[in-house]
Amino acid sequence: MKYITVVTISLILFAGCTGNKDHFTIEGAVGGIDTGMVYLQKFETDHWTSVDSTMLDKGRFFFKGQTEMPEMWHIAMQGREIYIPVFIENTDIEVEVFPDSIDKSTVKGSPSHDLYMQYLSQSDVIGAEMEKVYSEWKAAREAADTSAMERADSISNILDGKMKLLLKDFARNNGSSAVSPYLIMRNSWQFDLADLEEIITVLDTSILRSQYTMTLNKRIEVLRSVAIGQVAPDFTMNDSTGNPVTLSSMKGKVLLVDFWASWCSPCRAENPNIVKAYRLFKNKGFDILGVSFDQHRDKWMKAVRDDQLTWQHVSDLKGWGNAAGKLYGINSIPANVLLDKELKIIARNLRGEELITRLTEILGAPSK
């Protein structure tokens, strides 16, 4: 079951930059806390960066700076689980933090943040439906009620489609706001190449320099390089014993490059289907290269043994930072690409019987 709590869509509002200010100010208050270090942070590719910091003065803090484009930053406190998202832009912003009820914290003065909050409020309706369906699916799984699981899966797919449509409508209706590429980027796992190529065309030229628009363009470039019909990008990665394995060395067989991880429940649920396909076609010129998004070798190897994954496996143990995953634009797992004997990509994300059907088309009837 595909279950991810995401947020979506909004009303038509005004765009990112407002007024003629060339800087921003953030005046904030933290309820019930008089002292402590406060940080203004932003996420850079794969890590958090501190933009500025200050000490609380009788529960209040102040930041001043500049930003070329509206961006999502966070206000955090040292030693406390306090992270307040704020869409920063060159205007006067007020933040009120309630440490015991973070979700009640408020941000005022940023039109981009207002637009972002409109989006969240609209998406909460679908999010609540997804929570309910996921609870039903878990109950059905515990009861081994496959019919109920299938019904929940079907509803979940419909809700996923609604989320996707709302996101696309949001970008279309708010094409001049940096909030649009930010939200599409955060939810890019939902969109294939054609979707992203369509979305990027509705974004206004005024936000082309937004880091989020540039990130979307980079993702489009990656997805084009691994589209069906392209030769699979080569890579080398170590197996469980530290020996390097190069993708191109496996040329000559129909090859499934399977991206997964021991901690990924949907991956583990899909593994029996891949095991079945391997047993049926391994003697007919089919092979698999497992690429793990694990960070701990022992957990990775235990999952390989427990799930009886008897093909070759590699990992750089960098989790979501897996180099091969980045090369292939993988931002959700399980995921896979099917290559022909010349390492040309012929299919993506085949699941269950769909994989067996496709292999039968290519290699003929499976071995008994």
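**Figure 1. Lining of the second largest pocket.** With 4 residues, H1 gives the most to the lining of the second largest pocket. The structure shown here and in the other views is a predicted model. Helix H1 covers residues 111-142, and strand E6 (83-88) and strand E8 (106-108) also supply at least two residues each to this lining. The residues that line the second largest pocket are Ile84, Pro85, Ile102, Asp103, Ser105, Thr106, Val107, His113, Tyr116, Met117 and Leu120. Sorted by class, the lining has 7 nonpolar, 3 polar and 1 charged residues. The space in the second largest pocket is about 220 Å³.

**Figure 2. Packing of H1 with H2.** The axes of H1 and H2 lie 8 Å apart, and the two helices pack at an angle of about 170°. An angle over 145 degrees counts as roughly antiparallel, so H1 and H2 are roughly antiparallel to each other. The residues in the contact of H1 with H2 are 16 nonpolar, 3 polar and 5 charged.

**Figure 3. Packing of H2 with H3.** Helix H2 spans residues 146-173, and its axis comes within 9 Å of the axis of H3, with a crossing of roughly 160°. H2 and H3 are therefore roughly antiparallel to each other. The crossing of H2 past H3 is left-handed. On the H2 side, Leu167, Phe170 and Ala171 make the contact, and on the H3 side Val179, Ser180, Leu183 and Ile184 do. By class, the contact of H2 with H3 holds 6 nonpolar residues, 1 polar residue and no charged residues.

**Figure 4. Packing of H3 with H5.** Helix H3 (residues 179-186) packs against helix H5 (residues 211-225) at an angle of about 45°, and their axes are 8 Å apart. That angle makes H3 oblique to H5. H3 passes H5 in a crossing that is left-handed. From H3, the residues Pro181, Tyr182, Ile184 and Met185 meet Tyr212, Thr213, Thr215 and Leu216 of H5. The contact of H3 with H5 has 6 nonpolar and 2 polar residues, and no charged ones.

**Figure 5. The largest cavity.** Rolling a probe the size of a water molecule over the atoms shows where empty space is left. The structure has 1 cavity of 30 Å³ or more. The volume of the largest cavity is about 40 Å³. Lys168, Ala171, Arg172, Glu198, Ile199 and Val202 form the lining of the largest cavity. H2 and helix H4 (193-202) each provide at least two residues of this lining. By class, the lining of the largest cavity has 3 nonpolar and 3 charged residues, and no polar ones. Ala171 is part of this lining, and Ala171 of H2 also takes part in the contact with H3.

Figure 6. Most residues other than glycine have a negative phi, and most peptide bonds are trans. The peptide bond that joins Ile333 and Pro334 is cis, with omega about 5°. Pro334 is in the loop between helix H8 (323-327) and strand E14 (335-339). Leu343 has a positive phi, near 65°, in a residue other than glycine. Leu343 is placed in the loop between E14 and strand E15 (345-348).

Definitions and conventions. Residues are numbered from 1 along each chain as its sequence is written. This is a predicted model: local features need pLDDT of at least 70, side-chain atom pairs count only at pLDDT 80 or more; totals for chains, interfaces and linings use all residues. Side-chain values use heavy atoms; hydrogens and water are left out. On a 1 Å grid over the protein atoms alone, a cavity is a set of points where a 1.4 Å probe fits but cannot get out, and a pocket is an open set with protein on both sides within 12 Å along at least five of seven lines; lining residues have an atom within 4 Å of a point. Grid points are joined across faces, edges and corners, and a volume is the space filled by probe spheres set on the points. Ala, Val, Leu, Ile, Met, Phe, Trp, Tyr, Cys and Pro count as nonpolar, Asp, Glu, Lys and Arg as charged, and the others, Gly among them, as polar. Axes are lines fitted to C-alpha atoms, for helices over the stretch in contact, and angles run from 0 to 180 degrees between N-to-C directions. Angles under 35 degrees count as roughly parallel, over 145 as roughly antiparallel, 65 to 115 as roughly perpendicular and the rest as oblique. A crossing is left-handed if the near helix is turned anticlockwise from the far one by less than a right angle, and right-handed if clockwise. Contact means heavy atoms within 4.5 Å.
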